[in-house]
Amino acid sequence: MHDVREWTAALKRLLMRYREPVIVQTLRSATAATIAYVIALRLSPEPAPLTSPLTALLVVQVTFYATLTNGIRRVNSVVAGVLVAIAFSLLVGLTWWSLALLIVASLGVGHLVRVDEYVAEVAISAMLVLGVTTVGFTAWARIVETLIGAVVGMACNLLLPPPVWVDKAGESIEDLARRVRQLMLRMGEEAAGSVSWQLAAERLHEARRLDQHIAQVDASLRQAEDSLRLNPRVKEGLLHRVVLRTGLDTLEICTVVLRVLARSFTDLAKARGSEDLFPKETGATVEQLLSEIADAIVSFAVLVTADLSANAESAEGRLTAELHTAAGTRDRLAELFQDEVGKDWENWQLMGAVLTEVNRIIAELDTEHRTRRLLEELDRVSREQRARLPRMSRLRERLGVQENLWRNRTGFGERSP
């Protein structure tokens, strides 16, 4: 019985690891390369058509959008290289100086046809084709193998559909919010007592290091955005992209303001010397306010990553209540600061800065501000898509894909000002 439970637990862990990018990419790449090689053995005149599995390996990416775009660029690069090689073989043949000219010309053509990271592939294809005697035979074989690999790589995304990385991006956003919360809680606890300027400066360094986590979240979000593009399994992909992107933008602004707040605490600690950062009652209020704002930041992240409308409404209600409580605490802190300024006139600017910074975070998390931001961003992206793909936009309008889909789902449109 114990062995059965262990095997069951191991199987569950294996199934959960299936969605990890490394495992998904390894299985899909190996499958695509093998199938491409088997097909190329039958269709290509080459005895060992390794170009086909190589192309499949390069084409198959984690997302369907990346696979499609990489496949097109890969085929373009090979065809361009083959054409350059044929031209050189007819004009000058293979010498040391023609090889140098071939490489320069191939790289130039690669930039002209805009194959991006496959610019070097243009020169590689040209050198491989030019280096053999039967140029026409090898050129045709290389084009066929490349097409087989590209087609198999893109077909694998239809038969073995890549995962949608929205959940992973949501987890990274929530993790960032919790990191911000932990730092704000530590700053609040230290503000309630005596803190040295060295310790306050350490909190400032921690706030600056949050930029690294923002970069990681941005990379995860870009992967999620790619997985939503051209994915037949996803409905309202534009909504997901806009909600996640605007959510990360808000959290990034909050981390910037938190860094400024940490700097204000550091400057105030230097000015205070060995004294407490704030009087006892004021310090306790600062601690309470930062704790309430920290909880609101986590609730905001949950709201951004909520999948179902019911969860989104619950998260938005909780966020609204927490921001209302924080606003009341902020007003009480403003009164305490007003009394404190009369006793400590020299540091009134720093105390005013603290109040301004917490005000900015509360305003940035406000649900009405979020609604306006979502509407503005959705309108902007929609306008860009209509300008870039006018025919596709008209087709979507005919199929009834309108903004009320995301309004009905999230309820944001009903509360917009």
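Q: Over the ring of which residue does the charged end of K270 sit?
A: Happy to start here, with the note that this is a predicted model. The charged end of K270 is placed 4.9 Å from the centre of a ring, and the cut-off for a charge sitting over a ring is 6 Å from the centre, along with an angle limit of 35 degrees from the ring normal. The ring in question belongs to W197.

Q: How are the rings of F265 and F278 arranged as a pair?
A: The structure holds two aromatic pairs, and F265 with F278 is one of them. Their ring centres are 5.9 Å apart and their planes meet at 70°. Planes over 60 degrees apart count as edge-to-face, so this pair is edge-to-face.

Q: How many residues apart in sequence are the parts that the pair of F265 and F278 ties together?
A: F265 belongs to helix α10, residues 237-272. F278 sits in the loop between α10 and α11, so the parts tied together are separated in sequence by 13 residues.

Q: Is F278 buried or exposed?
A: The relative accessibility of F278 is 2%. Buried means under 20%, so F278 counts as buried.

Q: Which residue forms a tilted aromatic pair with F278?
A: In this pair the centres are 5.8 Å apart, with 35° between the planes. It links distant parts of the chain, 59 residues apart: the loop between α10 and α11 on one side and helix α12 (residues 309-343) on the other. The partner is F337.

Q: How far away from E292 is the nearest side chain of opposite charge?
A: E292 lies in helix α11, residues 280-305. Leaving out residues up to four places away in sequence, E292 touches T325, A326 and T329. E292 is buried yet has no salt bridge, for which a nitrogen-to-oxygen distance within 4 Å is needed. The nearest side chain of opposite charge is R332, at 5.9 Å.

Methods: Residues are numbered from 1 along each chain as its sequence is written. This is a predicted model: local features need pLDDT of at least 70, side-chain atom pairs count only at pLDDT 80 or more; totals for chains, interfaces and linings use all residues. Side-chain values use heavy atoms; hydrogens and water are left out. Helices (H or I, at least four residues) and strands (E, at least two) are DSSP runs, numbered from the N terminus. Buried means under 20% relative accessible area, exposed over 50%, partly exposed in between (1.4 Å probe, protein chains only). Lys and Arg count as positive and Asp and Glu as negative; His and the chain ends are not counted. Contact means heavy atoms within 4.5 Å. Rings of Phe, Tyr and Trp (its six-membered ring) pair if their centres lie within 6.5 Å; planes under 30 degrees apart count as stacked, over 60 as edge-to-face and the rest as tilted.
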